[in-house]
Amino acid sequence: MKRFLSGDEAFAEGVRLARPAVISAYPITPQTVVVERLSEMVESGQLNAHYVHVESEHSALSCAMGASATGARTFTATSSQGLLYMAEVLTYAAGGRFPIVMMNANRATALPWNIYGDQRDSLALLDHGWIQVYAQDNQEALDLALMAYAVAEHPSVSLPVMVNIDGFALTHTYEAVDIPEQQQADEFLPSYETRNRFDFEQPVNLGYSAGPEFNRHYQYWHHRDMLVAETVIDEVEQRFAQVMGRQYGGMAEEYRTADAQLVLVCVGSVAGLVRQVVDQLRDQGVPCGMVRLRYLRPFPAQRLNQLLAGKAAVGVLEKDISFGAEGTVFTNVNSALAQGGNGAPTMNFIGGLGGDDITAAQIRNAFARLAALAEGDQRAKGAPAAGSQWAEAAAGKASASAPDPVPTGIRRAEILSLPQRVADGYPRPGQPGATSSAHSSNCVVFLGVDDEGEVA
């Protein structure tokens with residue numbers, strides 16, 4: 001059955017189909033609609049579950065963990081500062097191997113206070129032991145609600161899963177979504193069973209301490225089973241396709257990469273826009289493609305190296321930054337490429353911070369910069385430099401206006417242009433309310449902003 005749903009509503013439908021026994025809820029924008037819809041489903045009898053309205057996000061995850069420890073399928077949801085507030089409990093849930101599913105509505109973190117969508121909240125917590133997956137659209141949001149439980153509850157995995165949905169870009173945007181029948185959902189996702197629970201007949205120890213001589217074993221098993229999840233994710237997606245008729249691209253999804261020389265790696269809903277730009281540039285002779293990272297934990301290093309082997313330049317477009325360094329996704333991509341022996345020059349593009357629009361023009365410019373990067377690398381190797389013609393076509397300008405070749409060997413971070421208002425009266429260094437300088441360095445460059453923080 002097809003319905004016109006927001007991303008929040010679509011995810012709530014997916015949770016309903018998964019039949020959780022306990023839902024712990026604390027509202028926060030832009031996640032609130034998810035727990036509102038689920039409360040309505042419980043009240044109307046559509047969903048037979050215990051709905052617990054707790055007093056904070058910390059309590060929401062604590063409640064879910066306690067319920068999971070009794071052997072119940074559980075769900076909770078959060079966003080931004082709420083996710084940061086429950087950070088302490090994230091490691092408890094992961095280390096306790098409780099297969100909780102949580103939806104996170106990606107949203108900027110304070111300060112400045114901002115309710116709009118970027119991905120700094122979840123990416124700041126990549127190392128807290130949860131599987132992390134990112135949806136591109138509302139249909140995938142619904143489907144991931146079901147697939148997340150299948151992955152989390154697999155006996156070889158038994159780890160919590162955080163499903164990330166771009167705030168407002170998906171949570172509050174409406175699309176036609178195909179809702180499976182309950183019979184299909186039950187066929188795909190059987191009732192939850194686990195040995196990792198309280199049992200009065202066969203007592204087990206949960207939530208215990210472990211000193212140095214034992215602790216390392218638990219950390220190794222956690223890491224090992226996170227890697228095992230890669231195989232389980234593939235198996236779950238194949239089974240989902242058989243039951244539901246919808247196929248996803250695995251942990252990393254490619255678009256027109258087979259013969260591409262310039263590839264942009266991205267995460268989440270921006271992939272739809274990148275696809276459109278790739279098609280436009282292909283028509284103009286630019287050999288470009290896209291890779292969408294669906295899972296960031298476990299990180300699909302092997303798959304990524306397969307897709308990016310032999311490319312002239314690789315860009316990473318993301319909605320976060322690790323201040324003073326580079327984008328978190330860029331760090332992970334570079335590490336994977338280095339371990340795989342892939343010497344392609346790379347460049348990082350930071351955009352969408354605080355919900356700022358990422359435009360088609362910015363993506364075209366990113367490909368033009370990748371072409372210039374490839375040209376510099378080709379010249380350094382004494383190879384014919386095709387990058388200049390790609391840069392010209394991508395920029396849509398005469399070759400004299402195309403980006404200058406970027407020196408080889410530099411893995412650079414670029415930040416997409418800041419809003420005009422930054423230069424129109426907001427506090428600058430040396431003025432009241434200003435705490436730092438918006439400047440360029442040899443690592444991070446703000447596109448469209450000069451070294452003094454002015455709009456270039």
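**Note on aromatic contacts**

1. R73 lies over the face of Y149, 5.5 Å from the ring centre. A charge counts as over a ring if NZ of Lys or CZ of Arg is within 6 Å of the ring centre and within 35 degrees of the ring normal. R275 is placed over the face of Y255, at 5.6 Å from the ring centre.

2. The model is predicted: local features need pLDDT of at least 70, side-chain atom pairs count only at pLDDT 80 or more, and totals for chains, interfaces and linings use all residues. Residues are numbered from 1 along each chain as its sequence is written, and side-chain values use heavy atoms, with hydrogens and water left out.

3. Seven aromatic pairs are present in the structure. Rings of Phe, Tyr and Trp (its six-membered ring) pair if their centres lie within 6.5 Å; planes under 30 degrees apart count as stacked, over 60 as edge-to-face and the rest as tilted.

4. Y116 and F168 form a tilted pair, 5.4 Å centre to centre with 45 degrees between the planes. Y116 is in the loop between β5 (101–106) and α6 (120–123), and F168 is in the loop between β7 (161–166) and β8 (174–178), 52 residues apart. Helices (H or I, at least four residues) and strands (E, at least two) are DSSP runs, numbered from the N terminus. Y116 is partly exposed at 45% relative accessible area, as is F168 at 22%. Buried means under 20% relative accessible area, exposed over 50%, and partly exposed in between (1.4 Å probe, protein chains only).

5. F188 and F240 form an edge-to-face pair, 5.3 Å centre to centre with 90 degrees between the planes. This pair links helix α8 (residues 182–188), which holds F188, to helix α9 (residues 212–244), which holds F240. F188 is buried, with 0% relative accessible area, and F240 is likewise buried at 0%. Ring pairs join F188, F240 and Y248 into a cluster.
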